[in-house]
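This report describes a single protein chain. The sequence and the structure are shown first, and the description follows.

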Amino acid sequence: MLSDTWTQSISQILGWAYFILWSLSFYPQALHNHSRHSTDGFSIDFALLNLLGLTSYTIFNACFLFSPVVRAQYAQRHPQSPTPTVQWNDFVYALHGALICCYLGSHFLCARFWNFESKPQRVSNLTLVVVLGYMGVVSLAIPWALVSASWEWIDVVYVIGMTKVFLTAIKYTPQAVMNYWRQSTAGFSIGAILLDLAGAALSLMQLVLDSSLQADWSGTVGNVAKLLLGNITILFDLIFILQHFVLYRERRVGKRLGLSEYDPLLG
C-alpha cells in the first residue's frame, strides 16, 4: 500500500513536470517572434496544424475526464483497470497549448497589429487538404456512432485522439522542410524544442508508471494517443536538434543565408 502511494505521488510529479515543460515550450517561439518583430523562419503550416492537433487533444482528454458515457465504455473494455490513464494535467496542457497556438496564429494573421515586418506566408495546399480531411473524418465518425451497432462514443473519441497523433506526425514536417530549404534554423526557437523533448520523455514515463501501478499494460494501449504522441514528438525533436546544432550550425548567425561568424570578412 505504501509503495502504491509513493508510485502515485511520483506519477503526479511526473505529470505536472511534463505539463510545465510542455506548457513553457510554447513561449520561446512567441518571445522569439516578438524580439525580431517577425515570423520569418517559422512555418505557418506548423502553427496551423499544431493548433488543430491541440484542439483535438483537448477534446480527447475532456471526454475521458468529464464524460460518464465514455468513462463507462472504457471501464467495460478494460475491466482490470477501469479508470482511464488520462490525467488532469493532460487536459490542462492541451487547453493551454491550444490557446497559445491561437496567439501564435495571430502573429501571421494580424502582423500589422503586432508591428511585425514579415514576409507573407500562405498556407500550403497540402495543409488545407489535411485540415479538410480532418473535418471530414470527424464529421463521418459522429453519425456512424449513432447508427452503427458496433461503434460507441468512445470510438469517436479514439478517432479524435488518433487524428491528433496523425497531425503530430505531420505537423513538424513543414518546419523541418523549411529549415532544409533555407539551410538554416534561424527564426525557429530551439529552446521550444528542448523543452518539448524533455516534456515528451516525462509524459511517457508517467504513462508507463500508471500502467505498472494498475498491473495492467493495456492501460498504455488504452491511452494510445499519449503513447504515440510522446514517441513521435521525441523523434522530430531529435531531427530539429540535429538540424540546429549539427547540420546548419554555421548558418544560424547572420541575416543572410550562409553568413556566420565562421565566414571570412573578405571573399
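## Asparagine 50 and the basis of the model

Asparagine 50 is placed in helix 3; helices (H or I, at least four residues) and strands (E, at least two) are DSSP runs, numbered from the N terminus. The model is a predicted one, in which local features need pLDDT of at least 70 and side-chain atom pairs count only at pLDDT 80 or more, while totals for chains, interfaces and linings use all residues. Residues are numbered from 1 along each chain as its sequence is written, and side-chain values use heavy atoms, with hydrogens and water left out.

Asparagine 50 has a relative accessible area of 7% and is therefore buried. Buried here means under 20% relative accessible area, exposed means over 50%, and partly exposed lies in between (1.4 Å probe, protein chains only). Residues up to four places away in sequence aside, asparagine 50 touches Phe26, Cys101 and Lys171, a contact being heavy atoms within 4.5 Å.

## Overall architecture

The chain holds ten helices and zero strands, and its pattern along the sequence reads α-α-α-α-α-α-α-α-α-α. Of the 267 residues in the chain, 47% are buried. Among contacts between residues at least 6 apart in sequence, 80% join residues at least 24 apart.

The accessible surface of the chain comes to about 13900 Å², and 70% of this belongs to carbon and sulfur atoms. Accessible areas come from the Shrake-Rupley method with a 1.4 Å probe; for residues, only the protein chains shown count as cover.

## Nonpolar cores

A nonpolar core is a set of buried Ala, Val, Leu, Ile, Met, Phe, Trp, Tyr and Cys residues joined through side-chain atoms within 4.5 Å. The largest one has 43 residues, and those with the most contacts inside it are Phe42, Phe60, Phe64, Tyr93 and Phe240. Two or more residues of this core come from each of helix 1 (2-24), helix 3 (44-66), helix 4 (68-77), helix 5 (88-109), helix 7 (153-182), helix 8 (190-213) and helix 10 (224-247). A second, separate core has twelve residues, including Leu52, Val131, Ala141 and Ile160.

Beyond its neighbours within four places in sequence, phenylalanine 42 is in contact with Gln29, Asn33, Ala47, Leu104, Phe108, Gln121, Gln175, Met178, Gly187 and Phe188.

Helix 6 (residues 125-147) has 23 residues and reaches 34 Å from its first C-alpha to its last, close to the 33 Å expected at 1.5 Å a residue. The expected span of a helix is 1.5 Å times one less than its number of residues. The buried positions of helix 6 include Thr127, Val130, Val131, Tyr134, Val138, Ala141 and Ala145, and the buried residues of this helix pack against helix 3 and helix 7.

Helix 7 has 30 residues and spans 45 Å from first to last C-alpha, close to the 44 Å expected at 1.5 Å a residue. Just after helix 7, glutamine 183 takes a positive phi of about 55°.

## Aromatic pairs

Rings of Phe, Tyr and Trp (its six-membered ring) pair if their centres lie within 6.5 Å; planes under 30 degrees apart count as stacked, over 60 as edge-to-face and the rest as tilted. By this rule the count is 23 aromatic pairs. Tryptophan 88 and phenylalanine 91 form one that is edge-to-face, at 6.1 Å centre to centre with 85° between the planes. Both residues lie in helix 5, three residues apart, about one turn of the helix. Tryptophan 88 is partly exposed at a relative accessible area of 49%, whereas phenylalanine 91 is buried at 14%.

Ring pairs also link Tyr18, Trp22, Phe26, Tyr57, Phe60, Phe64, Tyr74, Tyr93 and Tyr158 into a cluster.

## Salt bridges

Two salt bridges are found in the whole structure, each defined as a side-chain nitrogen of Lys or Arg within 4 Å of a carboxyl oxygen of Asp or Glu. The side chains of arginine 77 and glutamate 152 meet in one of them (3.1 Å, N to O). This pair links distant parts of the chain, with arginine 77 in helix 4 and glutamate 152 in the loop between helix 6 and helix 7, 75 residues apart. Arginine 77 is partly exposed, with a relative accessible area of 37%, and glutamate 152 counts as partly exposed at 26%.

Arginine 77 also meets aspartate 155 in a salt bridge (2.9 Å, N to O). Here arginine 77 in helix 4 is joined to aspartate 155 in helix 7, 78 residues apart. Aspartate 155 counts as buried, at 13% relative accessibility. Through shared partners, the salt bridges join Arg77, Glu152 and Asp155 into one network.
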